Structure formats: structure tokens, C-alpha cells
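Q: I would like a close look at a single part of this model, with the cut-offs behind each term spelled out.

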Amino acid sequence: MTKIKKLLHSERFVLSMIIIIGLALNVARMAAIGFQIGVYDDSGSYFTSGDVFASGNIDHLRTPVYPLLCHFLASISAPHTFKIIVILQLLVYLSSALPMYYAVSRLTRRKRFAAIATALYTWSPMFGGYIHLILTESFAISCTTYLIALLTAITLSRHKIAATIGTAVFLVFMIMLRPFFVCFIPAVAIVMIYALIKSIRNRLYVIANIASMIGIALALGGYMAAYNRAYGSYSFSCVYELNRCLALKKLELIPTIESLNYFGYATKGDINDDVIFMPESWVWQPSQQYRDMCEKIYNDNFVTYTKAKIFDFLYSFVLFYTGEMNSPVLESLFHMRISYFYLFTVLFILLELYYLFWRKSCVVISAALALIFVGGVFTAIWGADSQFVRIMTPMLPCVFVMAPIFLSRFSFSIDNIDKP
């Protein structure tokens with residue numbers, strides 16, 4: 001019994017079991033749908049964008065990370081490209097259990113909280129359902145978890161120089177994976193500024209911190225400048241512009257979406273001359289005149305547009321977050337209204353404000369997590385015309401860290417506290 005107790009208290013054993021069970025659950029879930037891989041009209045755009053980036057140019061629609069991965073795999077083994085992408089997404093997602101455990105265990109100082117939060121995160125069908133899709137969602141969810149662990153390390157001054165530099169590089173990588181992650185910049189900024197003030201006498205860290213912030217600005221600004229030279233807009237992609245046009249059309253402020261064309265697309269032959277054919281790829285290349293017209297209509301109707309977005313936000317309260325489980329049974333068991341997450345986040349913010357002003361506690365990481373959540377909601381609602389819940393999925397791993405922090409505020413038993 002003593003050996004069993006020691007084994008159950010071993011972090012390596014607990015994490016290994018969580019990951020093994022997570023692997024089994026995800027494989028079983030994919031087996032239940034016949035190992036089908038979800039390929040949508042958006043999926044084809046990553047391959048067409050990959051061709052553009054591989055030619056040395058900047059694509060109009062996508063940022064480079066996912067398209068280049070798709071292009072590289074298609075050029076190596078076209079028949080197995082989708083399977084390899086799904087395997088990579090599964091491995092990255094399972095590996096993100098480690099930073100989840102790290103963040104919760106360090107922030108709450110409770111191994112049990114960390115084990116439970118990590119298990120719920122790793123076994124969640126709401127997250128695992130995105131693994132079998134040729135979209136960025138799965139990588140985006142995993143990346144958020146890694147970013148939270150990096151911000152935790154900076155806040156707690158653990159390997160803070162390496163963590164700070166790593167955060168800067170990783171944030172740029174995330175934005176190049178998905179422009180949505182621009183909304184995480186305030187969360188990163190508040191942690192890095194806090195760490196800078198806290199370690200102002202450490203010259204080496206001050207240099208690393210400032211260099212990291214400048215590096216982020218230069219990398220993102222450089223990409224936006226290159227995009228502007230190519231397409232006349234300081235942006236990372238045209239997805240937001242397209243979504244805004246779709247929203248304007250829904251409001252009947254513009255008659256149509258110009259130059260949104262669907263077509264059959266085939267990749268270039270791989271080393272064996274095999275190709276991938278996608279019947280529903282699409283491209284959007286509007287004229288400058290059309291873009292200027294939409295911009296003017298948007299500016300002239302900004303109040304109307306804003307009211308519509310407020311309505312979209314209110315409408316999102318009744319939406320259910322189910323992920324892409326493709327199983328009526330799982331969806332009936334695990335579907336949750338997005339309003340539950342909203343309500344919990346409000347309660348979390350109020351509790352942390354209490355601890356900040358009345359208990360004089362450090363709540364920097366709590367503020368960062370709240371900013372990730374709020375920024376994710378705003379960006380999803382404001383920057384899209386529909387599918388708000390799917391778009392905001394990358395912010396949801398922070399809930400699995402906020403919940404243990406929230407609960408730890410009500411747990412005062414010294415016997416339950418593990419050493420950090």
C-alpha cells in the first residue's frame with residue numbers, strides 16, 4: 001500500500017496516466033467516427049496559401065505557419081498529409097497537458113487541483129473534437145496552454161530570462177499561426193511589464209525583457225509592413241476584412257460579396273506525383289474600389305454595426321459550446337452554454353479584485369488570464385460574422401487554470417498545501 005500511495009503521489013506517474021488515458025479516449029473517439037478527417041472549404045485555403053508562401057510571397061488570406069506545414073507535407077506524401085496533420089495535432093494537444101499541470105500546480109500550490117484540472121483538460125471531448133479537423137483550432141488550443149505556462153514562469157520568476165524570450169518568440173509564432181492571437185498581446189504585456197518593474201535592478205533581465213518587447217513589435221510590424229506593400233493594408237490577413245463585409249451584407253448595407261470564388265483545387269505532385277484534390281477551396285480577391293466602398297459604408301454606419309455586434313454578443317449567451325465531437329451522445333453529455341463561462345469569468349474577476357484591494361495579493365497572472373478570456377470574446381464577436389464559439393476556442397484553456405485558482409481562494413487547510 002505504501003508503494004501504491006507513493007506511486008499515486010508521483011507527478012510523473014499521474015501525468016503519464018493522464019496522457020495515456022487521453023490518448024486512448026481520443027483514439028476511441030476518432031474510431032467511433034470511422035477515423036474520418038474533417039476537411040472543409042476553409043481547409044483548402046491553407047493549401048492554396050501554402051503555395052503562395054512557398055513561392056516567397058505573402059498570402060492575402062492566411063498567415064504562414066499552418067499553410068507552410070500543409071504545403072510541406074503535401075509535397076512529401078500527399079496521400080498521407082491529412083493523417084500526418086491529425087497525428088501532429090494529437091501529439092501537440094496531449095503534450096500540452098504538461099504545461100497545464102505546471103501552471104496550475106505552481107499557481108495554486110496544490111497537486112490535486114493540478115491533476116484534476118489537467119485530466120479534465122486532456123480528456124475533454126470539447127477540445128479533443130478539433131484534433132481530426134484540417135483547421136488551426138487544435139494547435140491554437142494547445143498553444144494557449146503553452147503560453148499560459150510561460151506567463152506563469154515569468155510571474156513566479158522561474159527561469160524568467162529564458163521564459164521572457166521564449167514568450168516573445170512564441171507569441172509571434174502564435175500570431176503567425178492564427179491572427180486571432182493578437183488579442184493576447186495585452187495579457188502578455190501586463191505580465192512582462194510586471195516582471196520588468198519587479199526586476200528593475202537586474203540589468204540582464206531588464207535588457208532581455210525590453211529586447212523581447214521590441215522584438216515582438218519589430219516582427220509583427222515587419223510582417224504588417226510587408227503585407228501592406230503587397231495588398232495595401234496594414235494587417236496580417238484579409239479574414240477580418242472579409243468577415244466585416246459578410247456582416248455588412250447580413251445587415252443589408254452592401255448588396256454582395258465581390259470576388260468570393262469557390263473552385264476545385266489540386267496540390268502540386270509530391271515525390272511520387274500524387275496530389276490532393278479539394279473540390280471546395282475558395283479565394284477572395286476584391287478590387288480596391290470595392291474595398292474602399294466597404295470601408296466607407298462601415299465608417300458611415302459604425303453605430304449600426306456596433307449595435308449589431310452588441311446583439312451578437314448577447315446572442316452568444318444562449319449558444320452551446322460542444323466542440324466538434326461528431327457524436328450525439330457526447331454532445332448531449334458535455335454541451336455547455338457559453339454564458340456559463342461568461343458568468344464564471346465575472347465571478348473570478350470580482351474575487352481577484354477583492355484579493356487585490358483587500359488582501360493585497362499579487363493577481364498579475366489572474367489579470368492576464370482574464371484578459372485572455374475577455375480579449376478572446378471581443379475578438380471573436382467583433383471580428384467574425386458567425387461561428388463565434390468556434391472562433392473563441394483558443395481562449396478556453398485559461399478557464400482550466402482560472403477555476404483551480406478560484407477554488408484555491410476558498411481552501412485554507414494547511415494540510416492540503418503542497419510545496420511549490
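Which helix does Ala24 lie in, and what can be said about helix α17 and the aromatic residues?

A: This is a predicted model, in which local features need pLDDT of at least 70 and side-chain atom pairs count only at pLDDT 80 or more, while totals for chains, interfaces and linings use all residues. Residues are numbered from 1 along each chain as its sequence is written, and side-chain values use heavy atoms, with hydrogens and water left out.

Ala24 lies in helix α2 (residues 11-32), where helices are DSSP runs of H or I with at least four residues and strands are runs of E with at least two, numbered from the N terminus. Ala24 is partly exposed, at a relative accessible area of 46%; buried means under 20%, exposed over 50% and partly exposed in between, with a 1.4 Å probe and protein chains only.

Helix α17 (residues 338-357) has 20 residues and reaches 29 Å from its first C-alpha to its last, close to the 28 Å expected, that span being 1.5 Å times one less than the number of residues. Among its buried residues are Phe341, Phe344, Phe348 and Tyr355, and the buried residues of α17 pack against α15 (302-316), β3 (320-321), β4 (336-337), α18 (364-383) and α20 (399-408), contact meaning heavy atoms within 4.5 Å.

Turning to the rings, Tyr298, Phe302, Tyr305, Phe378 and Trp382 form one aromatic cluster; rings of Phe, Tyr and Trp (its six-membered ring) pair if their centres lie within 6.5 Å, with planes under 30 degrees apart counted as stacked, over 60 as edge-to-face and the rest as tilted. A search of the whole structure finds 30 aromatic pairs.
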